[in-house]
Amino acid sequence: MAGRDPEDEVRWPATLQQWRAMTFFHWAYEADQVRPFLPPGFEVDLWQGQAWVSLTCFRMVDFRLGSLPPAGGFSTFPETNLRTYVRGPDGRDGIWFLTLEAGSLPLVVAASNLYGVPYRWADMSVETTADAGGETIRYRSRRRAGRRGGRGDGPRPGHDIRVRPGPPRPSPSGHDHWLTGRWRGYSTVAGRPVSASVHHEPWPLCEATVLDFEESLTADVGLDPPGAEPVVHYSSGVRVRLGPPRPVRRAA
């Protein structure tokens with residue numbers, strides 16, 4: 001279940017990777033605003049009666065298939081995902097992706113087909129600078145194929161965000177772990193629900209200050225833009241083992 005520690009061991013990972021310089025932005029929504037984005041059999045996972053949607057920006061590092069070595073420069077690239085929290089037909093909790101933007105075309109093609117998730121190719125960068133006030137990270141992305149569905153009729157969806165990481169959170173709350181400690185991703189392949197287990201060490205969570213924030217991914221997928229300031233977490237990153245997609249069995 002959602003929380004600080006991983007739920008499944010993932011003995012035979014389909015991919016190995018690192019998620020570095022990750023910033024989470026979380027917003028509360030009414031469940032009825034999120035429910036239309038889920039396929040039949042899935043329910044919104046609630047925290048104290050509210051649904052949550054998160055935008056996560058990070059750098060994928062040393063991405064590889066199984067036991068193969070990383071493929072040089074093709075293995076490190078920026079990624080951003082927009083997701084919400086669900087309970088699958090099996091009754092377990094996990095993540096449902098609304099969109100995933102990646103700076104690697106091979107990953108977009110391979111992961112979209114293998115995992116059935118909505119990856120899209122984008123021009124992206126993650127830049128770290130330092131000044132007297134400390135370290136600043138800037139996440140930039142603009143989708144290459146225009147608006148959702150490749151229509152190209154309008155500004156390309158993306159984001160331009162700057163954050164300043166702060167000190168470690170000394171005692172992350174249950175809500176912090178509920179938002180960040182998710183150990184399963186759901187999707188559909190050939191119209192059938194599947195899930196993939198995720199394993200990594202507990203997130204080293206830090207405070208973060210948002211310096212600039214512009215994004216159009218929420219509106220592009222059809223979700224109402226956030227109406228409040230986000231709950232923000234920053235993490236230097238983790239090493240990740242991602243399992244293969246497996247069919248989801250409906251709970252008895």
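## Strand pairing

Two strands are taken to pair if DSSP finds at least two bridges between them, and strands are DSSP runs of E with at least two residues, numbered from the N terminus. The model is predicted, so that local features need pLDDT of at least 70 and side-chain atom pairs count only at pLDDT 80 or more, while totals for chains, interfaces and linings use all residues. Residues are numbered from 1 along each chain as its sequence is written, and side-chain values use heavy atoms, with hydrogens and water left out.

In β7, G134 is the bridge partner of D131, and β6 with strand β7 (residues 134-143) makes an antiparallel pairing over ten bridges, the two forming a hairpin with two residues between them. Strand β6 (residues 119-131) also pairs with strand β5 (residues 93-102), here in the parallel sense over three bridges, and A102 stands opposite W121 of β6.

## Aromatic pairs

Ten aromatic pairs are found in the structure, where rings of Phe, Tyr and Trp (its six-membered ring) pair if their centres lie within 6.5 Å, with planes under 30 degrees apart counted as stacked, over 60 as edge-to-face and the rest as tilted. One of them joins W27 and F213 edge-to-face, at 5.9 Å centre to centre and 65° between the planes; W27 lies in strand β1 (residues 15-29) and F213 in strand β11 (residues 205-215), 186 residues apart.

## Charges over rings

R144 lies over the face of W121, 4.0 Å from the ring centre, and the charged end of R182 sits over the ring of W178, 4.4 Å from its centre; the criterion is NZ of Lys or CZ of Arg within 6 Å of the ring centre and within 35 degrees of the ring normal.

Definitions and conventions
Helices (H or I, at least four residues) and strands (E, at least two) are DSSP runs, numbered from the N terminus.
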